[in-house]
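Please examine the sequence and the structure before reading on.

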Amino acid sequence: MNLLKRCLGIFWLLLGPLSMGYLIFEACQKISAHPVQDVYLPWIIIIIVFLPVAIGLMVFGYYALKGEYDV
């Protein structure tokens, strides 16, 4: 079980930056297609809200990888 937790730690550690990159990539595509305020303002808000979530995923994955959640 502890090995599974550590393996999932790698997954969580990688999921944070990958999801943030994907979100920024999608935002750039949508904004470049329709560069009006109604499109880019919600994307900026979504990115600002999701940034702490992505950082939290990375921190959680780091501690899981270090074995802080081992029983």
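The following paragraphs treat a glycine, the aromatic rings and a surface patch in turn.

The model is predicted. Gly61 lies in helix 2, which spans residues 37-66. Its relative accessibility is 0%, so Gly61 counts as buried, the cut-off for that class being under 20%. Leaving aside residues up to four places away in sequence, Gly61 touches Gly9, Trp12 and Leu13. The C-alpha atoms of Gly61 and Ser32 are separated by 33 Å, and the two residues are 29 places apart along the chain.

The aromatic residues come next. Four aromatic pairs are found in the whole structure. In one of them, Phe11 and Trp12 have ring centres 5.2 Å apart and planes at 65 degrees, so this pair is edge-to-face. Trp12 and Phe60 are also edge-to-face, because their planes stand at 65 degrees, with ring centres 6.3 Å apart. This second pair links distant parts of the chain, since Trp12 belongs to helix 1 (residues 2-33) and Phe60 to helix 2, 48 residues apart. Phe11, Trp12, Phe60 and Tyr69 form one aromatic cluster.

The table lists the accessibility of several residues.

| Residue | Relative accessibility | Class |
|---|---|---|
| Phe11 | 44% | partly exposed |
| Trp12 | 28% | partly exposed |
| Leu51 | 41% | partly exposed |
| Phe60 | 37% | partly exposed |

Leu51 is found in helix 2. Together with Ile55, Val59, Phe60, Tyr62, Tyr63 and Tyr69, Leu51 forms a nonpolar patch on the surface, with about 640 Å² of accessible area in total.

Methods
Residues are numbered from 1 along each chain as its sequence is written. This is a predicted model: local features need pLDDT of at least 70, side-chain atom pairs count only at pLDDT 80 or more; totals for chains, interfaces and linings use all residues. Side-chain values use heavy atoms; hydrogens and water are left out. Helices (H or I, at least four residues) and strands (E, at least two) are DSSP runs, numbered from the N terminus. Buried means under 20% relative accessible area, exposed over 50%, partly exposed in between (1.4 Å probe, protein chains only). Contact means heavy atoms within 4.5 Å. Patches are made of residues with over 30% relative accessible area and no salt bridge: like charges are joined within 9 Å, nonpolar side chains (Val, Leu, Ile, Met, Phe, Trp, Tyr) within 5 Å. Accessible areas come from the Shrake-Rupley method with a 1.4 Å probe; for residues, only the protein chains shown count as cover. A salt bridge is a side-chain nitrogen of Lys or Arg within 4 Å of a carboxyl oxygen of Asp or Glu. Rings of Phe, Tyr and Trp (its six-membered ring) pair if their centres lie within 6.5 Å; planes under 30 degrees apart count as stacked, over 60 as edge-to-face and the rest as tilted.
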